[in-house]
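Have the viewer open as you read.

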Amino acid sequence: MASKPSTLCCSSYSKKGQRVHPTAAPRCPFPDAWVGNALKTGLFDYVWVQFYNNPPCQYASGEVTNLQDAWKQRTSAIPASKIFLGLPASPEAAGSGFIPVPDLTSNVLPSIKDSSRYGGVMLWSKYYDDQSGYSSSIKNDV
């Protein structure tokens, strides 16, 4: 049985019981100018997409359509095992795209979690998360 490309690509870096997982963190506009071609290779296990600082892709006060459409495009076009929803951990962490906890848990996550490629939420950054407690507020819903 053939191994998936990421297993072949990184097997020399993996140790017994510790597998290397190729990852990427592209911006939301598709395809990403820096890693768009690389993402098409199928070498990435996990992709954390930045769904903020890009108004065409992000949630905007009660309006989830842009984010849903961008999510569907990425999960159908990027051959990664899991795609993560990249968000700012506080309004100060990014220029735009912060999603208040009630909106994330009641509007956004229910619309994307059914995807077989949903991997969870990635937050930018730990500093802002420490200040806001955002991850603690969402962990039961992710």
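The notes below cover aromatic pairs and then the surroundings of a serine in this predicted model.

## Aromatic pairs

With ring centres required to lie within 6.5 Å, the count comes to six aromatic pairs. In one of them, the rings of Trp 48 and Phe 84 sit 5.5 Å apart, centre to centre, with 40° between their planes, so the pair is tilted. Trp 48 belongs to strand β2 (residues 46-50) and Phe 84 to strand β3 (residues 82-88), so this pair ties together parts that are 36 residues apart in sequence.

How do the two partners compare in burial? Trp 48 counts as partly exposed at 25% relative accessibility, whereas Phe 84 is buried at 14%. Ring pairs also bring Tyr 46 into a cluster with Trp 48 and Phe 84.

## A loop-to-helix pair

Another tilted pair joins Phe 51 and Trp 71, with 6.0 Å between the centres and 40° between the planes. Phe 51 is in the loop between β2 and α3 (65-77), while Trp 71 is in helix α3 itself, so the pair ties together parts that are 20 residues apart in sequence. Both Phe 51 and Trp 71 are buried.

## Around Ser 90

Where does Ser 90 lie? You will find Ser 90 in the loop between β3 and α4 (101-112). Its relative accessible area is 4%, and because buried means under 20%, Ser 90 counts as buried.

The side chain of Ser 90 makes a polar contact with the side chain of Glu 92 at 3.1 Å. Leaving aside residues up to four places away in sequence, Ser 90 touches Phe 98, Tyr 128 and Ser 132.

Note on methods: Residues are numbered from 1 along each chain as its sequence is written. This is a predicted model: local features need pLDDT of at least 70, side-chain atom pairs count only at pLDDT 80 or more; totals for chains, interfaces and linings use all residues. Side-chain values use heavy atoms; hydrogens and water are left out. Rings of Phe, Tyr and Trp (its six-membered ring) pair if their centres lie within 6.5 Å; planes under 30 degrees apart count as stacked, over 60 as edge-to-face and the rest as tilted. Helices (H or I, at least four residues) and strands (E, at least two) are DSSP runs, numbered from the N terminus. Buried means under 20% relative accessible area, exposed over 50%, partly exposed in between (1.4 Å probe, protein chains only). A polar contact is a pair of N or O atoms within 3.5 Å; within protein, one must be able to donate a hydrogen and the other to accept it, and residues adjacent in sequence count only if both atoms are side-chain atoms. Contact means heavy atoms within 4.5 Å.
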